[in-house]
Amino acid sequence: MIHCHGCKFRKVKSLETGHSGPSAEALLAAAFGADCGPAGPLDGPQGRAWLRAVALAGAGRFAAARTLTAPVVDGPFASAARCLEASMLRQSGRHRAAAVPDGTALALAYTGCEQPVYGMSAAWAADATVGLAADALGTGRYALSARLLVRAGEHLAAHDAGVAGSAGGGAGQPSPGPWWTVPRARLRRDWVAAELAVYSGDAAGAADAVGALLTADPGPGRPRHHAKTLLIAGAAAMASGQADRAVELVEQAYRVATEAVLNPLRWAGAKMMSGTSGGEGRGAAAARIVAVLEEEWIRDGADLAGV
């Protein structure tokens, strides 16, 4: 799908207003992409605010996103709002600061979620625990990060067991829930596990992560998660000695992020390309893109002091 950059900009600006206009399904698609399951409990003031904030953050408009998440202090989306705030801090390189909203998100994960069919409590608990694992990873605490990833896996396994039990042994596989809940949290766990292998020097684990991530890749219909999966797979490929494959994956991720106007991921892709793309000229061009994107991103509310 080809996106008009101006049209995308107008969509993001309309999300900034917070006015109820688009349907919950349209907001869900803007936040996460196509075929993410029924909106269900998202179709309310908190759910809509969270979806708008997710879309804005994905475009790099952090200040506008924080304006929408700040009032969501209780109810079923308070945990998700804190996780998003933590994610924006991490993307700015502020991993220690991110641990505060991630910890709050974990404390809130099992409060206010009374619709077990959607798996929201398990998703929020796994999301928050994965966030804490990423925070630990970003500050060099690899053993703690690994333990937290195990704990995130336990949240997901408990959810799976509960779903299987509620199915009562009937025919067919029980539904994992809408993609925006538990399946998305599972992919985020896989991302951080791959990053842990990369940064801790586990070349074998990084090599295994490449294929696993590409198998889990949600595809171009969900461009933000598609681009990030490709980026992390590219980093894992580079860490395991697959330089040519790394370049291919990172450049593909950059194209997806550029087309969908996902500036934080576009920045990350350009940053990686500046060090992996063949030829001094291509690396210098990527570095110039990084500088331009950083200026725009800071203007839109990112604090990149930690990057």
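## Helix H7

H7 runs for 19 residues, and its first and last C-alpha atoms lie 26 Å apart. That is close to the 27 Å expected at 1.5 Å a residue, where the expected span is 1.5 Å times one less than the number of residues. Helices here are DSSP runs of H or I with at least four residues, strands are E runs of at least two, and numbering starts at the N terminus.

Of the 19 residues in H7, 18 are buried. Buried means under 20% relative accessible area, exposed over 50%, and partly exposed in between, with a 1.4 Å probe and protein chains only. Gly140 follows H7 and has a positive phi, near 80 degrees.

## Basis of the model

The model is predicted: local features need pLDDT of at least 70, side-chain atom pairs count only at pLDDT 80 or more, and totals for chains, interfaces and linings use all residues. Residues are numbered from 1 along each chain as its sequence is written, and side-chain values use heavy atoms, leaving out hydrogens and water.

## Overall fold

The protein has 14 helices and zero strands. It has 307 residues, and 50% of them are buried. Take contacts (heavy atoms within 4.5 Å). Among those between residues at least 6 apart in sequence, 65% join residues at least 24 apart.

The accessible surface is about 13,400 Å², and carbon and sulfur atoms account for 57% of it. Areas come from the Shrake-Rupley method with a 1.4 Å probe; for residues, only the protein chains shown count as cover.

## The largest pocket

The largest pocket holds about 1,400 Å³ of space. A pocket is an open set of points on a 1 Å grid over the protein atoms alone, where a 1.4 Å probe fits, with protein on both sides within 12 Å along at least five of seven lines. Volume is the space filled by probe spheres set on the points, which are joined across faces, edges and corners.

Its lining has 47 residues; Arg90, Gln91, Glu195, Lys228 and Ala268 lie nearest the centre. Lining residues have an atom within 4 Å of a point. Elements giving two or more residues include H7 (120-138) and H11 (223-239). H11 gives the largest share, nine residues.

## Two loop residues

Asp35 is not a glycine, yet its phi is positive, about 55 degrees. Asp35 sits in the loop between H2 and H3 and is exposed, at 71% relative accessible area. Val261, in the loop between H12 and H13, also has a positive phi, near 55 degrees.
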